[in-house]
Amino acid sequence: MAQALQPLRRPLSQQPTTLTSDEKGMLAQCVAAVDTLQWAFWLAGKALENIKTGKLYRAECDSFDEFVWRRWQMKKAYANKLIRTWRIAEAVFELLSNEVAPIGATSRKKPTALSLHAEKALKALNQAQVWELVPVADTWDVDAAVLVYKTVVEVNGTNVTAKVINGAVEALPDGDFDAEQVIDHIRSYLETMSDDDPEGSDDIDFAAQAEKAVPYRWVKRLAKKDTAAASRYLDSLQSQIDRCRAELLPAQQTPEPAEQPTEPSPTESASEVPTQADAPVA
């Protein structure tokens, strides 16, 4: 594709607002080339898994890890990351693309929450977003990961990012994967994301908000692997809380008591009484 795409030195025509057939063909090539950048991780992951599963490296190297390093200076961790993401990417792509109507197509079907946001989500989909869904696929399956992503997209106004998906995954309940319960938890999490002024703070469940703010399940997994690392994370979290308290909350200053007038001593009182010599002369 790279060799077939010819570089342009000047416009192919002087038409101000329309494209010739040659220009339309060139534009299609260019768009397809740039689109490969968005989906390269998906294709690479599928290809790497074929190489690893089929042991297609064996004529050149003793191991898959050695092969990917020699070929692309790719570390084992990154190669495996690509392999773990491609199935999710493919499933999410199929979900969204089935909801995006072709240009010029008309439908009598009532638009759904997913179809209203599918095109925008499809254009924004990237490896970082898909990677946040890997723990869901590892714990349950790819269908569960797709349901999490679908729920995030369906919420009107949600800007789908890796950070938003990460929060949705952290909000998932423990235990067996119950679709209705998962959807309720994700929607509840997304509803708390607004940065508007929290009017009516009496109605806020601060305990629930705090529970959502701390990624308990992630810390739990980290503590199992590395207790010291989990401790450092919690120390950093506490430091951030202390900083917020110091910078954002007004200091509760206790007003100093007003000075009380002191009673004059007998000596001072006597000295202030005018004597006969001090009295004015009539």
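Reply: **A tryptophan pair and its surroundings**

Tryptophan 39 is buried, and tryptophan 42 is buried too (under 20% relative accessible area; exposed is over 50%, partly exposed in between, with a 1.4 Å probe and protein chains only). The model is predicted, so local features need pLDDT of at least 70 and side-chain atom pairs 80 or more, while totals for chains, interfaces and linings use all residues. Residues are numbered from 1 along each chain as its sequence is written, and side-chain values use heavy atoms, without hydrogens or water.

Both tryptophans belong to helix α1 (residues 21–53), where they sit 3 residues apart and are therefore separated by about one helical turn. Helices here are DSSP runs (H or I, at least four residues; strands are E, at least two), numbered from the N terminus.

Across the whole structure, a search finds 6 aromatic pairs. In the pair of tryptophan 39 and tryptophan 42, the ring centres are 5.5 Å apart and the planes meet at 80°, so the pair is edge-to-face. Rings of Phe, Tyr and Trp (its six-membered ring) pair with centres within 6.5 Å; planes under 30 degrees apart are stacked, over 60 edge-to-face, and the rest tilted.

Lysine 81 lies over the face of tryptophan 131, at 4.6 Å from the ring centre (NZ of Lys or CZ of Arg within 6 Å of the centre and within 35 degrees of the ring normal).
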